[in-house]
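Subject: Structure handover

Hello,

Here is the structure for your files. My notes on what turned up follow below it.

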Amino acid sequence: MLTGRTASARPRRDETEAAGHPSVDWQPASTSNYTASDRPTVYPIDHVVIHITQETYADTLSIFRDPARQVSAHYVVRSSDGHIAQCVREGDIAWHAGNWSYNTRSIGIEHEGWVDRPEYFSNALYEQSALLTAAICTEYGIPRDRAHIIGHHEVPGSDHTDPGPLWDWVRYIRLVNFA
């Protein structure tokens with residue numbers, strides 16, 4: 001059970017214990033790379049969007065900190081150990097989906113790796129991401145299914161292919177449901 005969530009747009013618990021998960025740390029994106037908001041009061045949150053970084057974990061965090069990049073996600077999951085960084089508060093709108101409507105109503109989770117390199121899709125990455133997604137679904141009443149946990153390529157108007165055909169959706173949704 002997650003604790004400490006208030007009606008305001010503060011992150012869960014505090015900035016160093018986001019999602020009530022001990023390995024999550026606060027690695028803020030540049031304020032130029034997201035929109036401050038008061039979700040879910042202003043916009044309901046009803047989707048989780050799964051991304052693959054096409055970069056390393058460290059490079060992804062650097063990109064999100066660069067104000068010229070105009071991109072962010074709420075979370076980034078590291079391949080080697082499943083460590084999770086929160087980059088944007090859930091109450092704020094990360095610029096991750098390429099579709100404003102989906103940005104306003106979703107939480108974006110980036111996963112370190114490349115769509116054509118399945119060795120990055122480690123057990124730790126799947127397991128820790130699934131725990132995070134399950135917590136988000138519980139927090140906002142999002143059904144734990146493929147209609148609400150979607151790939152970036154499924155966002156209307158997207159020209160992205162992530163998470164790609166090597167992402168194991170059956171395994172992932174199973175892990176989310178058993179978390």
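Ring pairs join Phe121, Tyr126, Trp167, Trp169 and Tyr172 into a cluster. Rings of Phe, Tyr and Trp (its six-membered ring) pair if their centres lie within 6.5 Å; planes under 30 degrees apart are stacked, over 60 edge-to-face, and the rest tilted. The count by this rule is eight aromatic pairs. One of them is tryptophan 169 with tyrosine 172: edge-to-face, 6.2 Å between centres, 85° between planes. Both residues lie in helix H4 (residues 169–178), three residues apart, about one turn of the helix. Tryptophan 169 and tyrosine 172 are both buried, meaning under 20% relative accessible area, with exposed over 50% and partly exposed in between (1.4 Å probe, protein chains only).

Note the basis: this is a predicted model, where local features need pLDDT of at least 70, side-chain atom pairs count only at pLDDT 80 or more, and totals for chains, interfaces and linings use all residues. Residues are numbered from 1 along each chain as its sequence is written, and side-chain values use heavy atoms, leaving out hydrogens and water.

Tryptophan 114 and tyrosine 120 also pair. Their ring centres are 5.0 Å apart and their planes are at 65°, so this pair is edge-to-face. Both tryptophan 114 and tyrosine 120 are buried.

Next, charges over rings. The rule wants NZ of Lys or CZ of Arg within 6 Å of the ring centre and within 35 degrees of the ring normal. Arginine 146 has its charged end over the ring of tryptophan 169, 3.6 Å from the centre. Arginine 105 does this over tyrosine 102, at 4.6 Å from the ring centre.

Now threonine 104. It lies in helix H2 (residues 100–105). Its relative accessible area is 6%, so threonine 104 is buried. Its side chain reaches the backbone oxygen of serine 101 at 2.7 Å. Setting aside neighbours within four places in sequence, threonine 104 is in contact (heavy atoms within 4.5 Å) with Arg39, Tyr43, Pro44 and Ile93.

Finally, the whole chain. The protein has four helices and eight strands, taken as DSSP runs numbered from the N terminus (helices H or I, at least four residues; strands E, at least two). From the N terminus the order is β-β-β-α-β-β-β-α-β-α-β-α. Of its 179 residues, 52% count as buried. Among contacts with a separation of 6 or more, 73% are between residues 24 or more positions apart.

Regards

Note on methods: A polar contact is a pair of N or O atoms within 3.5 Å; within protein, one must be able to donate a hydrogen and the other to accept it, and residues adjacent in sequence count only if both atoms are side-chain atoms.
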